Amino acid sequence: MSHSNISIFVPHLGCPHQCSFCNQKHITGQSKLPNAQDVEDAVNIAITSKKYDKDSCEIAFFGGSFTAIDRDYMLLLLKTAYQFIKNGQVSGIRISTRPDCIDNVILTILKQFGVTAIELGAQSMNDFVLEANNRGHRAEDVVKASKLIKEFGFSLGLQMMTGLFKSSEADDLYTADKIIELQPDTVRIYPTITIKNTYLEKLYTEGSYAPQTLESAVALATKIEDKFINNNINVIRVGLHSIEAESYVAGPWHPAFRELCDSLRCREQLAKALSKKAEYIVRVNDTELSKFIGQKRSNIKHFEDLGFKIKFIPDNTVNKSDFIIEEVK
Ligand code: SF4
């Protein structure tokens, strides 16, 4: 069943935190707070779309800290969204928030108004990384909030970042392992991007912070995604959606970040099957062809440089997760 979200951005006005990677002016200065009419309009537009399916359509309040916004305003948004659940036009509500903004009271309210999924910005499970990036919460908050969310019967989503200030590859892999222990239903992996007017920009400019290269971020995100997949955790996002060009300072942003990870995974799988330097035909499912070839034929070039000549052939009889390799004699 295809899944669709009606996304409503709720900026967190006056957030008391100063996370190293976040430009609050950017968040709060340019975005209008949605009102009840905006929520109704968004749903009414979505339900006329061809892709609309009432059983899989959810309203998603995203923007970071839904449960930390003004309580009356949060209730207004929830009540407005809930009427579409009651009349059967929408199947649930998703929200995202900070790990230290979850407790019994808030979860009771969320349950009452039809919230089905809660995503927490965990970002790191290393306290020294959370502290160095001014997150204002500890790893223990992620553990406590995750357990409580599951006890209440919500779907749990956890978001993590790679390449934060003071975080090494080993620290990020540790974060992934700790997240796996919490058994979330979904995860998102975000490589850190340095944007203007942030603490990270200052650290980067003075030479104290070195962002990940695109290559290292792709390699690490692929490893982390594999860990989650191997533990039956649904990875719903790898890489940031988009970023305003004028905000970008540094870091491994790419419009098709996840495809780069997919291509790297295909390259690694194929490398294990190649031994003799020779010419090969590799049959792959149609849907996987571009991943095997890689962006700008990167995988073909990579193997050519190593002495392997490879021709990929689309073949729908091959399983999606498989390939068939034949040496050309
Ligand atoms: S990322 Fe951090 S600073 Fe930015 S809105 Fe969220 S909690 Fe506040």
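Let's start with the core. The largest nonpolar core holds 65 residues. Most contacts inside this core belong to Ile59, Phe61, Ile118, Leu158, Met160, Ile179 and Ala221. By nonpolar core I mean buried Ala, Val, Leu, Ile, Met, Phe, Trp, Tyr and Cys residues joined through C-beta atoms within 7 Å. Buried means 20 or more other C-beta atoms within 10 Å of a residue's own, with C-beta atoms placed from the backbone.

Helix α9, residues 214-230, gives this core its largest share, six residues. Helices here are DSSP runs of H or I, at least four residues, and strands are E runs of at least two, numbered from the N terminus.

A word on the source. This is a predicted model: local features need pLDDT of at least 70, side-chain atom pairs count only at pLDDT 80 or more, and totals for chains, interfaces and linings use all residues. Numbering runs from 1 along each chain as its sequence is written.

Now α9 itself. Its buried residues are Ala217, Val218, Leu220, Ala221, Thr222, Ile224, Glu225 and Phe228. They pack against β5 (155-162), α7 (169-181), β6 (186-191), β8 (234-238) and α10 (257-273). Take Ala221. Beyond four places in sequence, Ala221 contacts Thr162, Ile189, Pro191, Val238 and Cys261; contact means C-beta atoms, placed from the backbone, within 7 Å. Just after α9, Asn232 has a positive phi of about 55°.

Last, the ligand. Around the ligand are 11 residues, and Cys15, His17, Cys19, Cys22 and Gly64 come nearest. Near means a C-beta atom, placed from the backbone, within 6 Å.

Definitions and conventions: Buried ≥ 20, exposed ≤ 12 C-beta atoms within 10 Å, placed from the backbone. Contact = placed C-beta atoms within 7 Å.
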